[in-house]
Amino acid sequence: MPGIDQVLSEAMGIPGVLGAGLIDWTSGLSLGTAGRAPGNDHDAAAADTAEVVQAVQRSATFDSGSDGARPGLEDLILTAAGGYHLIRFVHTAFDSQTYLYLYLDRERANLAVARRRLHDLAAGLVPG
């Protein structure tokens with residue numbers, strides 16, 4: 001099982017990635033970061049994305065695909081003029097409240113490729 005630094009390093013290898021982080025969505029604190037953040041502030045990006053995640057987690061509307069055996073929420077994609085913000089929930093056997101976050105250059109990134117790679121990286125953080 002790779003560590004946080006290794007996963008973030010691999011995330012930085014995804015085409016178009018500007019920055020990456022592992023964030024606790026209950027506190028908004030970064031557990032690890034790499035590369036650049038929007039506004040060059042990883043702490044602000046962590047807190048801001050955590051607020052979005054908390055709002056989504058409070059809503060039953062977005063968890064409609066849950067079958068009880070696995071969580072319904074997988075990822076969130078936010079599109080802005082200059083980039084994409086991709087959030088992938090890290091699901092564990094215990095009550096995990098973390099997510100991987102990618103900040104992507106809109107001109108250079110392939111959102112589908114980034115989403116697929118982020119899925120694999122999140123799965124790698126959890127012991128099989």
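In this predicted model, strand β1 (residues 17–24) runs antiparallel to β2, and the two are paired over 6 bridges. One place to look along this pairing is Leu22, which sits opposite Gly32 in β2. Strands of a sheet pair through backbone hydrogen bonds, in either a parallel or an antiparallel sense. Here the pairing is antiparallel throughout an open sheet of 5 strands, ordered β2-β1-β5-β4-β3. The edges belong to β2 (29–35) and β3 (75–79); each has a single partner strand, so one side of each goes without a neighbour in the sheet. Direction ignored, neighbouring strands of this sheet are turned by 15° against each other on average.

What lies across β3, β4 and β5? That would be helix α3 (residues 111–124), which runs at about 25° to β4. The strands concerned include β4 at residues 83–90 and β5 at 98–105.

Arg88 is a handy spot from which to view this part of the model. Its place is in strand β4, and with a relative accessible area of 8% it counts as buried, because the cut-off for that class is under 20%. Setting aside neighbours within four places in sequence, Arg88 is in contact with Glu74, Asp75, Tyr99, Leu100, Leu118, His119 and Ala122. Of these partners, Asp75 also makes a polar contact, side chain to side chain, with Arg88 (3.4 Å).

Side chains of opposite charge can pair when their charged atoms come close. The structure holds 7 salt bridges, and Arg88 and Asp75 form one of them, with their closest N and O atoms 3.4 Å apart. This pair links distant parts of the chain, with Arg88 in strand β4 and Asp75 in strand β3, 13 residues apart. Is Asp75 buried or exposed? At 16% relative accessibility, Asp75 counts as buried.

Asp75 has another charged partner in Arg115, and these two side chains meet in a salt bridge of 2.7 Å, N to O. Arg115 lies in helix α3 while Asp75 lies in strand β3, so the pair ties together parts that are 40 residues apart in sequence. With a relative accessible area of 35%, Arg115 is partly exposed. Which residues make up the network of salt bridges around here? Glu74, Asp75, Arg88 and Arg115 are the ones linked.

Terms used: Residues numbered from 1 in each chain as written. Predicted model: local features only at pLDDT ≥ 70, side-chain atom pairs only at ≥ 80, totals over all residues. Heavy atoms only, no water. Helix = DSSP H or I, 4+ residues; strand = E, 2+ residues; numbered from the N terminus. Polar contact = N/O pair within 3.5 Å; in protein donor to acceptor, adjacent residues only side chain to side chain. Contact = heavy atoms within 4.5 Å. Pairing = 2+ DSSP bridges. Axes fitted to C-alpha atoms, helices over the stretch in contact; angles between N-to-C directions. Salt bridge = Lys/Arg side-chain N within 4 Å of Asp/Glu carboxyl O. Buried < 20%, exposed > 50% of the residue type's maximum accessible area, 1.4 Å probe, protein only.
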